[in-house]
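The following report describes one protein model, moving from single residues to the fold as a whole. Please read it alongside the sequence and the coordinates.

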Amino acid sequence: MKFFVDTADIAAIRELNDLGMVDGVTTNPSLILKAGRNIAEVTREICELVPGPVSAEVVAADAEGMIREGKHLAKIAGNITVKVPLTWDGLKACRALSDEGHMVNVTLCFSAAQAILAAKAGATFISPFIGRLDDIHLDGMDLIADIREIYDNYGFETQILAASIRTVNHIVDAAKIGADVITAPPSVIKSMANHVLTDKGLAQFDADWKQTGQKIV
Ligand code: G3P
């Protein structure tokens with residue numbers, strides 16, 4: 001399973017990247033706003049740091065505008081993945097950009113039907129949004145499972161990039177289903193290391209060690 005980090009925060013990307021845990025990065029207009037940085041500048045910095053795919057999202061609503069913006073974003077670095085929304089125009093842009101050899105991430109996917117169209121349009125990645133489906137009392141993980149089954153039935157090569165990940169369980173469940181990639185905020189990835197029994201065990205070892213009166217170095 002590949003780990004993408006869902007952020008435009010350079011320091012957070014660097015910390016995880018130094019541990020070899022970053023296979024790619026995803027950004028979107030909201031994350032660019034949160035970073036408070038110019039999109040071209042921050043995306044270039046991310047691409048210099050991470051050799052894997054770095055998603056940069058278009059904002060035009062029409063296919064022509066998306067293609068124009070996508071080509072512009074792709075000039076930032078060789079590892080840019082152009083992110084387009086799952087609309088009819090987004091699918092047209094996906095086909096055009098993919099035919100020109102660009103990696104394309106089709107985002108804001110909320111149904112298996114949409115995922116089928118993205119694969120047919122040549123998407124490199126499909127981004128089903130788990131958390132936002134859970135928000136409206138649907139099961140985001142069912143969507144991941146449905147897409148996995150359908151893509152496997154027909155050998156679609158589009159990679160399932162589980163997005164809108166909010167919890168550690170989302171990551172583990174997506175891994176069990178066989179999502180190719182997860183993209184998650186750095187805080188969620190880091191919290192995968194936490195376990196209450198680890199903390200409890202460590203406290204006991206610490207207390208017992210103090211009683212020995214020893215030092216290791
Ligand atoms: O990768 C998409 C992600 O940024 C959306 O997450 O938590 O805003 O639904 P969220």
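This is a predicted model: local features need pLDDT of at least 70, side-chain atom pairs count only at pLDDT 80 or more; totals for chains, interfaces and linings use all residues.

Leu108 belongs to strand β5. Although Leu108 is not a glycine, its phi is positive, at about 60°. A positive phi also occurs at His137, another residue other than glycine, where the value is near 65°. His137 is placed in the loop between α7 (130-135) and α8, and its relative accessibility of 74% puts it in the exposed class.

**Overall architecture**

The secondary structure of the protein consists of 11 helices and 8 strands. Along the principal axes, the C-alpha atoms fill a box of roughly 70 × 40 × 30 Å. Of the 217 residues in the protein, 46% are buried. The protein exposes about 11,400 Å², and 55% of that area is supplied by carbon and sulfur atoms. When contacts between residues at least 6 apart in sequence are considered, 56% of them join residues at least 24 apart.

**The nonpolar core**

The largest nonpolar core contains 58 residues, and Val84, Val106 and Ile126 are those with the most contacts inside it. Helix α8 (residues 140-154) provides the largest share of this core, with 5 residues.

Which residues surround Ile126, apart from those up to four places away in sequence? The residues that Ile126 touches include Leu86, Val106, Cys109, Ala115, Ala118, Ile147, Ile160 and Leu161. Its contacts also include Asn105, Tyr151, Thr158 and Gln159.

Gly70 is located in helix α4. Its relative accessibility is 0%, so Gly70 counts as buried, the limit for that class being under 20%. Leaving aside neighbours within four places in sequence, Gly70 is in contact with Val58, Val82 and Leu97. Between the C-alpha atoms of Gly70 and Gln114, which are 44 residues apart along the chain, the separation is 21 Å.

**Charges and salt bridges**

The protein carries 20 positive and 28 negative side chains, and the centres of the two sets are 4 Å apart. The structure holds 9 salt bridges. The table presents three of these pairs, with the distance between the nitrogen and oxygen atoms.

| Pair | N to O distance |
|---|---|
| Lys71 and Glu100 | 3.1 Å |
| Arg95 and Asp99 | 2.9 Å |
| Asp206 and Lys210 | 2.9 Å |

Arg95 is partly exposed, with a relative accessible area of 32%, while Asp99 counts as exposed at 55% relative accessibility. The limit behind the latter assignment is over 50%.

Asp206 forms a salt bridge with Lys210. Both residues lie in helix α11 (residues 196-212), at a spacing of 4 residues, or about one turn of the helix. Asp206 has a relative accessible area of 41% and is partly exposed; Lys210, with 60%, is exposed.

Methods:
Residues are numbered from 1 along each chain as its sequence is written. Side-chain values use heavy atoms; hydrogens and water are left out. A nonpolar core is a set of buried Ala, Val, Leu, Ile, Met, Phe, Trp, Tyr and Cys residues joined through side-chain atoms within 4.5 Å. Buried means under 20% relative accessible area, exposed over 50%, partly exposed in between (1.4 Å probe, protein chains only). Helices (H or I, at least four residues) and strands (E, at least two) are DSSP runs, numbered from the N terminus. Contact means heavy atoms within 4.5 Å. Accessible areas come from the Shrake-Rupley method with a 1.4 Å probe; for residues, only the protein chains shown count as cover. Lys and Arg count as positive and Asp and Glu as negative; His and the chain ends are not counted. The place of a charge is taken as NZ of Lys, CZ of Arg, CG of Asp or CD of Glu. A salt bridge is a side-chain nitrogen of Lys or Arg within 4 Å of a carboxyl oxygen of Asp or Glu.
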